[in-house]
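Student: Can we go through this one together, starting with the overall fold and then the aromatic rings?

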Amino acid sequence: MIRHFVTDRGRFGLTPDALVERAALAARSGAAVIQVRERDLADRALLDLVRRIVDAVRETDARVLVNDRPDVALASGAAGVHLRGDSPPASRVRAIVPPGFLIGRSVHSLDEIDAAVADGGCDYLVFGTVFPSGGKPEGHPVAGIDALARACARSPLPGIAIGGMTPAREAEVARAGAAGLAAVGWFM
């Protein structure tokens, strides 16, 4: 099961230094992916943070991805980019990045899965919100485990579940067909 750590220093009141430490700890604890999702940072600050995280996890197997910023990912030496559901098509990003650059996309419905697969540029898809999550406001739509199973069955790409992930839910998510899970709070 792939463990995918998504950063959110603002939600947890972390300094950049503390976030770099958390990313390194997550990587040493088995996170295969560190997704830097720091939307509030200016370009230079984001680039500097991603470079520091890339350096901090260099001696591990973890790959660093940058949320929605292929330019920052390329400039920092990150392994790839994670695209939001409303980002440009992955095939457009694929056309400007080197071979082996990892591209993922967030999806929330079967139609979005179909569109991402038809586009052809993604390596994996993150589906959710599967369970209620502290990172989403009360009333935010929750897909549930059955929807995750349908999503995983629909896509030939590896599916990563997000939303309310805990160690206790790992086996249930795997039974639904997910290749992994993405979490913010679990790693924080």
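**Burial and ring pairs**

Tutor: Buried residues, meaning those under 20% relative accessible area with a 1.4 Å probe and protein chains only (exposed is over 50%, partly exposed in between), make up 48% of the 188 residues in the protein. Keep in mind that this is a predicted model, where local features need pLDDT of at least 70, side-chain atom pairs count only at pLDDT 80 or more, and totals for chains, interfaces and linings use all residues. Residues are numbered from 1 along each chain as its sequence is written, and side-chain values use heavy atoms, with hydrogens and water left out.

Student: How many aromatic pairs are there?

Tutor: Rings of Phe, Tyr and Trp (its six-membered ring) pair if their centres lie within 6.5 Å; planes under 30 degrees apart are stacked, over 60 edge-to-face, and the rest tilted. By that rule the count is two.

Student: Is the pair of Phe 5 and Phe 187 stacked or tilted?

Tutor: Their ring centres are 5.1 Å apart. The planes sit at 50°, so the pair is tilted.

Student: And what about Trp 186 and Phe 187, stacked or tilted?

Tutor: Here the centres are 5.5 Å apart. The planes are at 15°, so this pair is stacked.

Student: Is Trp 186 buried or partly exposed?

Tutor: Phe 187 has 14% relative accessibility, so that residue counts as buried. Trp 186 comes out at 26%, so the label is partly exposed.

Student: Which residues do the ring pairs link into a cluster?

Tutor: Both Phe 5 and Phe 187 are buried. The cluster linked by ring pairs is Phe 5, Trp 186 and Phe 187.
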